[in-house]
Structure formats: structure tokens, C-alpha cells
Amino acid sequence: MSVIETAALGLVWFGVAVTGVIASICLYNPTAGLAKLNHELDQLPNVMLGRYIAIFGFSFFAAYYADFIVLIAWLTTAGFMALFDAALYARQNKPYGTHLAAGILTVIAIILIVAAIFSNGSL
């Protein structure tokens, strides 16, 4: 691996570490964590819009790139988000069906991708 590749990968791992710290700050008290991270709760709908645009962009990239390993990783991430939200809403007796359906569909897609990988011998 070249020095430039090592530096780039080092920055990526730094980003992973920062994201882990952010998640840990919010883990036990999301409201306090968001405040500590200078997020304003009244801006949450706008923040989520940015997140959904980013999710769409990465979903488009992953689908276009069509690498099964990337797709499994992305669908696992997206499925976790959907099922996590479904569990949150279900515990609050709020509608959660669309989130649950999205989570179930990602699991089905992952199963199909794994089957495709084994059927074409690419793993």
C-alpha cells in the first residue's frame, strides 16, 4: 500500500472513530447527547432531510456499483436503521409498519444477495 493510500485509509479510520465517539455520546441519553453535539432538536426535521438525501445518494451509488459485499454492508446498515426505528415506535405505541416493512425487505434482499453470491461462486 502506498503512502497516499495509507494516509487516505487512516483518515477513513479516523472518521470511523469519530462516528463511534458520537454514537457513544448519544447512547444512554440521546437528547443530552444531541445537545452536547450542538444539535438543535427543533432542527431535527431539517437534519433528517439531509440524512435522507445522503442515504439516497449512497443507496444509488451502491446499487449502481453493484458489488454484492458493498450491498450487503449497506443493506445491513439500512436494515438496522429501519428495524431500530420500528422498535422505537412500537414501544411508544406509534405506527411502525413502514419501518418494519423496510427492515424486513432489507433482510430479504440480503438473503437474496448471499444466495446470488453462492450460486455464482464469487465468494
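Are helices α4 and α5 roughly parallel or roughly antiparallel to each other?

Reply: This is a predicted model, in which local features need pLDDT of at least 70 and side-chain atom pairs count only at pLDDT 80 or more, while totals for chains, interfaces and linings use all residues. Residues are numbered from 1 along each chain as its sequence is written, and side-chain values use heavy atoms, with hydrogens and water left out.

Two packed helices are described by the angle between their axes and the distance between the axes. Helices here are DSSP runs (H or I, at least four residues), numbered from the N terminus. Helix α4 covers residues 68-91 and helix α5 residues 97-120; their axes cross at roughly 160° and come within 7 Å. Each axis is a line fitted to C-alpha atoms over the stretch in contact, with angles from 0 to 180 degrees between N-to-C directions. The helices α4 and α5 are therefore roughly antiparallel, a term for angles over 145 degrees. Their crossing is left-handed, meaning that the near helix is turned anticlockwise from the far one by less than a right angle. The contact of α4 with α5 has 19 nonpolar, six polar and one charged residues. Here Ala, Val, Leu, Ile, Met, Phe, Trp, Tyr, Cys and Pro count as nonpolar, Asp, Glu, Lys and Arg as charged, and the others, including Gly, as polar.

Next come the aromatic rings. Rings of Phe, Tyr and Trp (its six-membered ring) pair if their centres lie within 6.5 Å; planes under 30 degrees apart are stacked, over 60 edge-to-face, and the rest tilted. This rule gives six aromatic pairs. One of them joins Phe56 and Phe60: the ring centres are 6.3 Å apart and the planes are at 40°, so the pair is tilted. Both residues belong to helix α3 (residues 44-65), where four residues, about one turn, separate them. Phe56 and Phe60 are both exposed, which here means over 50% relative accessible area, against under 20% for buried and in between for partly exposed (1.4 Å probe, protein chains only).

The rings of Phe60 and Tyr64 are stacked, because their planes are at 0° with centres 6.5 Å apart. About one helical turn of α3 also separates Phe60 from Tyr64. Phe60 has a relative accessible area of 54%, and Tyr64 is exposed at 69%. Ring pairs also link Phe58, Phe61, Tyr65 and Trp74 into a cluster.

How values were computed: Helix = DSSP H or I, 4+ residues; strand = E, 2+ residues; numbered from the N terminus. Parallel < 35°, antiparallel > 145°, perpendicular 65-115°, else oblique.
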